[in-house]
Every structure is written in C-alpha cells, then in structure tokens.
Amino acid sequence: MGAVIGAERLTKTYRLDVTALAGVSFSARPGEFVAVLGPSGAGKTTLFRCLTGLTRPDAGAVVLDGRDICHMRRTELRAARRDIALIFQQFNLIRRLTAVQNVLAGRLASVPTWRVLSRRFARPDRQLALRCLDAVGLLDRAHARADQLSGGQQQRVAIARALAQEAKVILADEPVASLDPESAATVLDTLHRVAKAGVAVVASLHQVHLAMTYADRIVALRAGRVIADAPAASLDARAIEQIYAKNGEPAARSSPP
Amino acid sequence: MTPTAARDYPEPVVRSCSASRLRFVVILLLVAAFYSVSWKLAHVDLGKLATGLPRMASWARKAWPPATGELPVLLLRTAETVAMAAIGTTAAALLALPLCVITARNITPSRLLYYPGRWFLNALRGIDSFVFALLFVAAVGLGPFAGVLGIAFHTWGSTAKLWAEAIENIPPGPLEAAAATGASRLKVLAFALFPDVAPNMVSVGLFWWEFNVRASTVLGVVGAGGIGQELKNSMDLLDFPRLLTIIGLILIMVTVIDHGSQWLRRRLE
C-alpha cells in the first residue's frame, strides 16, 4: 500500500538564516510506526509543524492522501486536518472534563454544532469513544476527570482521542518526553498497537532504544537533513552514533579506537 | 554536614550614605507631602467630629425601639433591592459574554475588535453604577428599573474584563488540540474553553451580584428604587426608629447574600 502522508523535499529557513529543514523527504504508510530521531535543533519540531500545516515550508510539499496540504485554503486545510490526529508532549486534555468526554473531543469536527453546544453526543459517538478508551486500556477510568489521571494515562486518553477522530495519520511530537520510563513504554506500546490496526504513526523521540523497540522504521534528522531512513531492525549502534555525533564526528570519539 | 571554611566569599558592600538611601529619604518626604496636602483638601476637622458624635448618640437613643409598623413594606423594598441586583447582574453577564470573547487576547477574532472592545469596557467600568443610575433616572423616570439599568451598565464592563482575564489565563494546549481535530472555532470555544473557565465565570458573576446588592442600597438615594429610597425618606424626616429598622434589614440582607454567595463560590472550586 502507498504512503498516506509524506514530506517531499521540505525546505524551511527562518530569519537570520537559520535553516531548519534543508530538503527533507520521507513518507509513512498505513500500519507503519515511524520514529523521527535527531538531536535538539535538528528540525524535528519544524518538520512536525509543517506536517500539520501550522508552518508553511519555503519549498517542497506535504502530501496527505495524494494532496498537497501546504497550498490549501483555510477551509480546505481544516477539512484535511480531520485525517491527521495530533499527540502532544503535554497531553493537552481538557482538565475539567472526564476521560470519555476528552475522547469525544476527537468527534468535534464530524458532529453538528448544536450537539457540541448542548454537549449531547449521539449514542454511536459515545459508544465509539468508549471503544477507543477500551483500545488504550482505560475503560475503567472512563468517568474520571482528566486532571485526576497520571501522565501516562492522560497520554493514552489523547491516543484514544486520536482514534475517535478516525484519523488516517497520528503525529506525535515528543509523546513520551515528560513521562517516566514505565509510562513511556505503555504509551509507545499503545501507539504501536494502534499502528498495527492500520493507522500511520509518526512520532519524534529522544530515546534511541525506545525507537528501536517500538518503531518499524527510523528516520534520523541532522541539521535539517535526513541522514538515515531505514527499518529499525537494520540499524546498528554505529549508525545511531552517527545521528547524535558532534560536529559530524562520531560521539564516541573519546573512547579508544 | 557543614562545609569547612576554606576561604572568604565576597559579599556586596553596603555603605551608610549611598544613593539608594538618599532616594529612600526623598520618597519618604514626597509621601509625607502628599498626605499633608490631602488632609487639607479633605477638610478633615476632628473638632466637628467631637461635636457631631454626641448628636449621633442621641439619635441612637431616640431610635430605640425600632419601628415595626411598616415592616411588610420595608421587606418588599428589601426584596426589590435584591431583585434589582439580580436582574442587573444577569443582564450584565449576558451582555458581557460576547464582549469577553472579543477582549480576551488569546481568542479574540480580530485585533480590530480587541482594542475598541477594551476601550468600551474601560469606559463602562470607569462610570460607577451610581452615576449611570442618576442618568437613567432622568431618562426612564424614578424607580427600580433605573437602578437595574445603572447596575447592568457598570457591571457589564467589570464582568467582561474579569472574564476576559480568566480566559487569558487558560493554558493554550487543550484549545490547540481541539482545533487540530479540524473543528470550527465555535465548537472549540464551546467544548474546550468553556468547561475550563465556567466555574471561574460563575464565581465572578456571584461576586458582582453580591457587590451589587450592597451597591444598590445606595442607588435608592438618587431615586432608583429599593430599600435605599426608604432609607433616604426616613433620614429626611429624621424618623430614627424607622431608620434603625431599615439599617437592620440592610445588614441582615447583606450578610445572608454574602454568606450564601461565598458558600456557592466555594462549592465551585
């Protein structure tokens, strides 16, 4: 099956000649978990902002289902966003609403306005929300308030929200950066299972070993360029070293040859 | 364990006659000058207070026992005051709802609306409900309705400003997350913003109702109805037993409303 989302030669330079992206290309297929690795300043955040249409690249294209979202009008972009679900580092749940209500936020775009204003979602939507919570293993916490859940649980609610959106792509920018190792593993395991169900998952990560464990493919960024794009299983320690090397030299230089 | 002293660490030197000390003395002198001028301008005369206080004491003696003959009418007037405050505050809240969206920096639809909105609110807030009531008595005639309008206009500005500030303090993340699902602006505000600010907004509304109950006792003095009007009548006629009854009623009303509203606001937290 072909790619559902892809970047094609994305270039973005900020003022003061800071090059964030210098011709980045990669793509993700349905059912694939792609991890984006790279040191701070490699362009990961700019890449994610371009993929969601928040930042317009100087050149290149972001192709979602065969259509370039970089040159869409606002209404078109809003419609296209339904197919892309976002997961944030800080979860971004609505504190005072329950877990299942937060999952229902994923239905906002497809529900009539009066139902949102009166907070009366139809039974199929409510059932879908509960099913999504069940899928991330949080059915028993469905009616707990979001601010009473642990960080890992909140992130899984955010994943359930993405599922309820019935998006084809889940973009997760640093989804586990503020979680403890155990919660991080649970969250990534959930994302992995979601991907196996047919969604394309693109997540930026900081920890190499997590990317190796949970991702199908690793895209490594360095100074705005893709320096590696390979199945996780085929990457070895040396290739990884290259990603985080300082000044183009291997990071492990201090150790004896 | 305390580290052992290995060397002296440098500390900033404090001199006895420095520029900062001089500045402190100058500020002190300016404050003293401000108060002495204010004292003059306010015509403070402790001698007048000394002769006036015994007069008040004699009124207090004449006031006992309080007059109970007109209690039903006075109770009706008290209810009128509470009603004025309730209607005025509610009207203000409804009017404030669209305006607080316009004047909250983080969700305003346009800068072109934001600044005029803020100016308008500041104008409303700057004019006291007493002054508004005075104008409306002239426009719509004597009675509680003028009071309602006076309260509504001043509270409109104050409530919208406090609500806008509450909205500005909301973390932007959940709004972004809701907007990222492709939902329209109205849906995002109703679903992601409203539940977060609603308790705060209700709390602000109750505060203003409470405040307006106290404020509207004064509105009667300019002919805008309520218990304040009876207060002024009794004062003009030097009918002290009736005055005492009215003051007692006001105290009871204010206490009950304050406690009720505070209890409600605590429940919202």
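Start in chain B of this predicted model by selecting α6(B) and α8(B), where α6(B) passes α8(B) in a right-handed crossing. With helix α6 set to residues 144-168 of chain B, look along both helices: their axes come within 9 Å and cross at roughly 150°. Because angles over 145 degrees count as roughly antiparallel, α6(B) is roughly antiparallel to α8(B).

Next, show the side chains where the two helices meet, including Gly147(B), Gly150(B), Thr155(B), Ser158(B) and Trp163(B) on α6(B), and Leu193(B), Asn200(B), Met201(B), Gly205(B) and Trp208(B) on α8(B). Colouring this contact by residue class will pick out 11 nonpolar and nine polar residues, with no charged ones.

Now widen the selection to both chains, where 16 residues of chain B are in contact with 22 residues of chain A. On the chain B side, α7 (173-180) and α8 (185-219) each supply at least two of the residues that touch chain A, and α8(B) gives the most, with seven residues. By class, that side of chain B has 10 nonpolar, three polar and three charged residues.

Finally, move to chain A and select strand β1 (residues 5-14) together with strand β2 (residues 18-28), which pair in the antiparallel sense over eight bridges; within this pairing, Ala7(A) has Phe26(A) as its bridge partner. Three residues lie between the two strands of this hairpin, and Leu16(A) in the turn has a positive phi of about 65°.

Conventions: Residues numbered from 1 in each chain as written. Chains lettered and ligands numbered in written order. Predicted model: local features only at pLDDT ≥ 70, side-chain atom pairs only at ≥ 80, totals over all residues. Pairing = 2+ DSSP bridges. Helix = DSSP H or I, 4+ residues; strand = E, 2+ residues; numbered from the N terminus. Contact = placed C-beta atoms within 7 Å. Nonpolar A, V, L, I, M, F, W, Y, C, P; charged D, E, K, R; others polar. Axes fitted to C-alpha atoms, helices over the stretch in contact; angles between N-to-C directions. Parallel < 35°, antiparallel > 145°, perpendicular 65-115°, else oblique. Left-handed = near helix turned anticlockwise from the far one by under 90°.
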